[in-house]
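Welcome, and take a moment to look over the sequence and the model before reading on.

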Amino acid sequence: MAESEVDLESEKYEKHREAGEILAQVRAEAAERVEVGASHLEVATWAEDRIRELGGEPAFPVNISVDEEAAHATPSIDDETTFGEEMINLDIGVHVDGWLADTAVTVDLSGNPELAEASEQALEAALDIVEPGVGTGEIGAEIEDVIDGYGYNPVVNLTGHGLGHWEQHTSPNIPNRAVSQGTTLEVGDVVAIEPFATDGGGKVSEGASEEIFSLEREGTVRNRQARDALEQITEEFRTLPFATRWLETDRPEMALRRLKRNDIVHGYPVLKEDDGYLVSQKEHTVIVTEDGCEVTTK
């Protein structure tokens, strides 16, 4: 899109900003609730309810990733897990009429503040160079450089991403390391930049558990619970990710198994480093402007 065609004051961008404003407040308030002995489920549901209270909707279930976990961990329906002396990543999203903001912060209860600082400083360095014409590979190089400087590894198979309308992951991908081929950012692009730093090898793999799902395609099912679940998914969440615990049907786990078997929904397994290692994360959403970028989730 040519620069002259992008109206950064249009309703779309105003809604992105509104989502970011709500999210910045909820991130700060939720992070304060993360302490040893507090409940994962209570923190997640509190944050999701708070988003609604402030006029937004959760864009995806609150992710609470612990120690080696990097993404896609969210409490189950009757989860009794509590926080210990661990590294906790909170990843939270908000949408206003389908226009999104995405943010994350590490709350370190594990006594490894430098690892948390590495992803935070990597994000600051990335934001400093965001402007029209900059390549996503250059942003990745900044991130990698800072994390390397701390003596840690970036997680190379997780990336930042564009944010679309009702779409949580669109192009461009924003790598967390230098890559020779990337995309050039343009005025009006809305992107989430999210460095992950680890004292492990820097590659995450899929774990066994799945609590987050999203709609793959329209379909029909005969089972009543699965039908009820599908109706709620298509009307309320559309293509955005949702949690098992959000479904209002009885026996939601069984309903999801049926929908998954019919390829109507797909799951997001928890992504994790090797056991014994830690992952930190920091994320902001930005709108690329004529002379730099506007951070909507500051």
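Thr249 sits in the loop that runs between strand S11 (242-243) and helix H6 (252-261). Helices here are DSSP runs of H or I with at least four residues, strands are runs of E with at least two, and both are numbered from the N terminus. With a relative accessible area of 11%, Thr249 is buried; that word means under 20% relative accessible area, while exposed means over 50% and partly exposed covers what lies in between, using a 1.4 Å probe and protein chains only. Leaving aside residues up to four places away in sequence, Thr249 touches Gln225, Asp228, Ala229 and Ala255, where a contact means heavy atoms within 4.5 Å.

Before going further, two notes on the model. It is a predicted one, in which local features need pLDDT of at least 70 and side-chain atom pairs count only at pLDDT 80 or more, whereas totals for chains, interfaces and linings use all residues. Residues are numbered from 1 along each chain as its sequence is written, and side-chain values use heavy atoms, with hydrogens and water left out.

Side chains of opposite charge can pair when their charged atoms come close. A salt bridge is counted when a side-chain nitrogen of Lys or Arg is within 4 Å of a carboxyl oxygen of Asp or Glu, and the whole structure holds 13 of them. Asp228 forms one with Arg224, their closest N and O atoms being 3.2 Å apart. Because these two are four residues apart in helix H5 (residues 224-237), about one helical turn separates them. Arg224 is partly exposed at 42% relative accessibility, and Asp228 is partly exposed too, at 33%.

Elsewhere, salt bridges that share partners join Glu11, Lys15 and Asp97 into one network. Glu11 pairs with Lys15, with 3.0 Å between the closest N and O atoms. Both are in helix H1 (residues 11-33), four residues apart, or about one turn of the helix. Is each of them buried or exposed? Glu11 is exposed, with a relative accessible area of 56%, but Lys15 is buried, at 16%. Lys15 also meets Asp97 in a salt bridge of 2.6 Å, N to O. This pair links distant parts of the chain, since Asp97 lies in the loop between S3 and S4 and Lys15 in helix H1, 82 residues apart. Asp97 itself is partly exposed, at 47% relative accessibility.

An unreviewed UniProt entry lists Asp91, Asp102 and Glu283 under "binding site". Although these residues spread over 193 residues of sequence, they cluster in space, with a largest C-alpha distance of 8.1 Å. UniProt positions follow the numbering used here, feature names are shortened, and annotations may be inferred rather than shown by experiment.

Asp91 belongs to strand S3 (residues 87-96) and is buried, at 8% relative accessibility. Not counting residues up to four places away in sequence, its contacts include Asp102, Glu194 and Glu283. Asp102 has its place in strand S4 (residues 99-108) and is buried as well, with a relative accessible area of 2%.
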